[in-house]
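Reader: I have a structure open and would like to learn how to read it. Could you walk me through some features, one at a time?

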Amino acid sequence: MKTYHLLATAALIVMAGCSQNEITEISPDANPAVSFDIYTGAQTKGTITNNESTGPGIKNTTGFGILAYYTGQTVWSATGSFTPNFMWNQQVKYESTAWKYTPVKYWPNKENDKISFFAYAPYSATQTNGSESYGIKLPANSATAKPTITFTLNTNPTNMVDLVAGYQKDKQKQTTTVDFTLAHLLSRVEFKAKLDTSISSTGETHVFITGMRILGTADNGSDKNAAGANNDSKFYSTAVYDWSAGTWDYTTTTPTKQSAAYSINNVMKLTAASAGGYTKSSIEVTQAGSLTKLFTDNQYLFLIPPKDDLSLSDAGSGIASEKDVRVQVDYDIVTVDSKLSAGHSVTSTSATISLPNKTLKRSKAYEYILTIGLEEVKVTATVTDWATADQVYIPSIDVATANASYVGTAITTLNTAKANNPNCNYFVVNITGSGSGTWSLTATTDKFKSGDQIDLKFSTSSLPSSVTLSGWKAGSAINNSIILTKN
């Protein structure tokens, strides 16, 4: 799912004759406040971390949180005696047209003074007595230890969250933005299924998956396919993320292993079957051999990776043993037979499978394919770079006068921003005032690529009747904006 991207606009303050932690003599005119923004492109849907304009995402509900450490002239160190003295779990919420928070904070004015920022989403409102929101727990506001996130899986898979976090260390006073990349900390998982050639593709034989679960350390089931106890399991229900290192830490604090089997039926597309009188709640695996999606739309599992090595550049080694993460699948093979009183015969099976080695790495998205045959269930996996950042931040520029000349100059400035940040594909021009008539823009845009967008945001609902820029296509006006797209 893409990554979240966070901006902090630099600001100035004056400090005189006071301790490092005290801020005085703030001039609102000369010292703009620290402000934040977050990239609003496509995110993983169906979770609380969805950042779209509709639904249960952070833009409409939780917002995101910030920890900030003011260290004076000292550079950040995970072993240093720093506390989150500038911001502690500061909630930033979207209000009307912008992300806002209170109380407003300002940059230290002393040369070479430093602040290190740590951001995460979704925002967790409560941090004590084990009642933290979304399973996210932060260090106390007085803690001098390095920042961490203690994360616990929700017991209901439909309420799993796509936990994201990032940091910027040793930022100093500046008038440009401080950019964050909030990366996915978990592994995203979905399951699909297909039949192998050992099962007849005729209309009489049907295969229905009736339930699934991820196995913990305890045994589960009692028939020939029952899963025994497995203390070597690495299906973790709670673990600690080392925020400043950017990896899960399984040595300082031992992660908690899930004991009981973790049912994932709530995210599956279980519906009443209809085959020769067989009506159990289930998912039929298609006869044609094509893939059958097992989860409801926009639902995924977000799991703690079983291993996350600092020495590896590919988000950890993931699963290393067949005992690490095991899944149990219940399915019925139904044969339609009108000569039977029930109209069908059914055999029920529970198969235990091990997820493949080198999967379940941090920030990767996995699609596991179950192949069901008469004798066994096999599993394969495909992986995508779910956390690859397509944009690091949103470059923007303000235009105080609403006319084509000023906007053209602003776009030329953004052309330089594009050259400095070639992965960015979305840019903003904030225009104060009303537009009217026909605008024919002139600007240098040679650094932009096909598909790049420039959002012309007006402060009023009065917009030009049309906007043209050579090599670009202007979209229709929506919500006081006109979006230009590079041909």
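This is a predicted model: local features need pLDDT of at least 70, side-chain atom pairs count only at pLDDT 80 or more; totals for chains, interfaces and linings use all residues.

Reader: Is Thr-247 buried or exposed?

Author: To judge that, look at the relative accessible area and ask if it falls under 20%. Thr-247 has a relative accessible area of 4%, so it is buried.

Reader: Which residue does the side chain of Thr-247 join in a polar contact?

Author: The partner is Asp-308, and the contact between the two side chains is 2.9 Å.

Reader: Now the overall picture, please. How many helices and strands does the protein have?

Author: The secondary structure comes to one helix and 31 strands. Of the 487 residues, 49% are buried. Among contacts with a separation of 6 or more, 70% are between residues 24 or more positions apart.

Reader: Which residues make up the helix, and what can I look at there?

Author: Helix H1 spans residues 404–420, and Asn-415 is found in it. With a relative accessible area of 5%, under the 20% cut-off, Asn-415 is buried.

Reader: What does the side chain of Asn-415 reach?

Author: Its side chain reaches the backbone nitrogen of Lys-447, at 2.9 Å. If you set aside the neighbours within four places in sequence, Asn-415 is in contact with Thr-444, Thr-445, Asp-446, Lys-447 and Phe-448.

Reader: Let us turn to strands. How should I think about their side chains?

Author: In a regular strand, side chains alternate between the two faces of the sheet.

Reader: Which strands pair with E6?

Author: Strand E3, residues 64–72, is joined to E6 by seven bridges, and the two run antiparallel. One place to look is Tyr-69, whose bridge partner in E6 is Ser-116. Strand E9, residues 164–171, also pairs with E6 in the antiparallel sense, over six bridges. There, Ile-115 has Lys-171 in E9 as its bridge partner.

Reader: What about the backbone? Which features are worth checking?

Author: Most residues other than glycine have a negative phi, and most peptide bonds are trans. With that in mind, look at the bond between Thr-102 and Pro-103: it is cis, with omega about 0°. Pro-103 lies in the loop between strand E5 (98–100) and E6. Another cis peptide bond joins Ala-121 and Pro-122, again with omega about 0°. Pro-122 sits in the loop between E6 and strand E7 (136–137).

Reader: And where is Asn-298, and what is its phi?

Author: Asn-298 is in the loop between strand E19 (292–293) and strand E20 (301–303). Its phi is near 65°, a positive value in a residue other than glycine. Asn-298 has a relative accessible area of 37%, so it is partly exposed.

Lys-358 also has a positive phi, near 65°. Look for Lys-358 in the loop between strand E22 (344–354) and strand E23 (365–372). Its relative accessible area is 63%, over the 50% cut-off, so Lys-358 is exposed.

Reader: Is Tyr-300 buried or exposed?

Author: Tyr-300, found in the loop between E19 and E20, is buried, with a relative accessible area of 15%. Its C-alpha atom is separated by 8.3 Å from that of Pro-157, although the two residues are 143 residues apart along the chain.

Reader: Last topic: cavities. How many of 30 Å³ or more does a search of the whole structure find?

Author: The search finds one. About 50 Å³ of space lies in the largest cavity.

Reader: Which residues line the largest cavity?

Author: The lining is made of Tyr-134, Gly-135, Phe-151, Thr-152, Leu-153, Asn-154, Asn-159, Met-160, Val-161 and Phe-302. Sorted by class, it has six nonpolar residues, four polar residues and no charged ones.

Conventions: Residues are numbered from 1 along each chain as its sequence is written. Side-chain values use heavy atoms; hydrogens and water are left out. Helices (H or I, at least four residues) and strands (E, at least two) are DSSP runs, numbered from the N terminus. Buried means under 20% relative accessible area, exposed over 50%, partly exposed in between (1.4 Å probe, protein chains only). A polar contact is a pair of N or O atoms within 3.5 Å; within protein, one must be able to donate a hydrogen and the other to accept it, and residues adjacent in sequence count only if both atoms are side-chain atoms. Contact means heavy atoms within 4.5 Å. On a 1 Å grid over the protein atoms alone, a cavity is a set of points where a 1.4 Å probe fits but cannot get out, and a pocket is an open set with protein on both sides within 12 Å along at least five of seven lines; lining residues have an atom within 4 Å of a point. Grid points are joined across faces, edges and corners, and a volume is the space filled by probe spheres set on the points. Ala, Val, Leu, Ile, Met, Phe, Trp, Tyr, Cys and Pro count as nonpolar, Asp, Glu, Lys and Arg as charged, and the others, Gly among them, as polar. Two strands pair if DSSP finds at least two bridges between them.
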